[in-house]
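Please look at the sequence and the structure shown here before reading on. The briefing is meant to be read with both in view.

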Amino acid sequence: MTSEVATTAFGIPQPKDETSNTLSRWSKRWKDSMLGWHKSDLHHFLKKYGTTIIPNFESTETCTEDGVRVFFPLCGKTVDMGVLAEEESISEVVGIDGVTKALLEFSDENPDLQIKKAENVGPVETFVGKKITLLRGDFFDIDAVATGGKFDSIFDRASLVAISPDLREKYVDVIGKLIKPGGKILLVTFDRRVGTDEAKAAGPPYSVNEDTVRKLYEGQDWVERVTMLEELDELANDPSSKQRW
């Protein structure tokens with residue numbers, strides 16, 4: 001495994017270019033509109049299990065608790081961020097993606113959030129709007145300084161499955177540095193159970209079964225427990241997503 005670090009002549013971290021080894025694949029997918037992970041509506045698992053990570057999610061009652069800060073790793077232009085930014089119980093939504101086009105399209109599709117370019121923070125470009133901050137850079141370069149602090153909740157809707165298997169432990173290390181004590185993660189993965197061994201190992205999206213999730217997370221000293229909530233045949237639920245990947 002090789003590492004890339006983008007710096008200025010003075011050694012100051014800079015946002016990684018989209019032609020870098022870790023980002024070029026995703027830049028091409030956005031250019032070619034190969035966006036199998038993108039959904040035009042609120043993610044069905046967030047709608048069903050949102051209350052597990054966000055108190056009073058979609059409730060009509062007035063929120064009396066402190067607002068929840070939510071993180072979206074490898075966010076793309078998911079509509080989930082826009083929905084949560086409008087939630088009374090949310091104090092801020094923060095998403096990171098390596099591709100500028102993803103964040104610009106999200107900004108254009110959510111004009112009410114008034115997202116504007118802001119000053120860069122270390123290794124990420126920053127865009128700020130109403131209760132939302134978007135970061136453009138390499139996920140593996142960020143820390144709690146770059147994200148403006150730690151998070152109460154994380155919605156990993158298509159992120160871990162996009163990570164090369166040899167980088168999964170490093171990915172979980174970053175997640176662990178971003179979540180607050182007592183924080184909660186809602187994680188969605190894919191588990192290929194049919195086909196040849198080669199097909200099941202191919203990606204992205206990479207197959208990540210329950211055993212793999214438990215091996216990655218249950219041994220972490222910041223994780224209290226891992227709970228399986230539901231299994232769903234995603235291709236049966238949305239057959240067109242196979243072609244978009």
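This is a predicted model: local features need pLDDT of at least 70, side-chain atom pairs count only at pLDDT 80 or more; totals for chains, interfaces and linings use all residues.

Residues are numbered from 1 along each chain as its sequence is written, and side-chain values use heavy atoms, with hydrogens and water left out. Helices (H or I, at least four residues) and strands (E, at least two) are DSSP runs, numbered from the N terminus.

**The sheet as a whole**

- Strands of a sheet pair through backbone hydrogen bonds, either parallel or antiparallel.
- Seven strands form an open sheet with mixed pairing, in the order β3-β4-β5-β2-β1-β6-β7, where two strands pair if DSSP finds at least two bridges between them.
- The edge strands are β3 (116-121) and β7, each of which pairs on one side only.
- From one strand to the next the twist averages 25 degrees, with axes taken as lines fitted to C-alpha atoms, for helices over the stretch in contact, and angles running from 0 to 180 degrees between N-to-C directions.

**Parallel pairs**

- Strand β2 (residues 90-97) is joined to β5 by five bridges in the parallel sense, and G95 stands opposite L134 in β5.
- Strand β1 (residues 68-72) also pairs with β2 in parallel over five bridges, and R69 has E92 in β2 as its bridge partner.
- β1 and β6 are parallel too, over two bridges, with V70 partnered by S153 in β6.
- Strand β6 (residues 151-156) and strand β7 (residues 179-187) run parallel and share five bridges, where I154 has I185 in β7 as its bridge partner.

**Helices beside the strands**

- β1, helix α3 (residues 79-85) and β2 make a right-handed β-α-β unit; right-handed means that, with the strands pointing away from the viewer, the path from the first strand over the helix to the second runs clockwise.
- A right-handed β-α-β unit is also made by β6, helix α5 (residues 168-178) and β7.
- Helix α4 (residues 100-109) lies across β2, β4 (124-129) and β5, running at about 155 degrees to β5.

- Seven of the eight residues of β2 are buried, where buried means under 20% relative accessible area, exposed over 50%, and partly exposed in between (1.4 Å probe, protein chains only).
- T133 belongs to strand β5 (residues 132-136), and T133 counts as buried because its relative accessible area is 12%.
- Apart from neighbours within four places in sequence, T133 is in contact (heavy atoms within 4.5 Å) with E92, V93, V94, G95, T126, F127 and V128.
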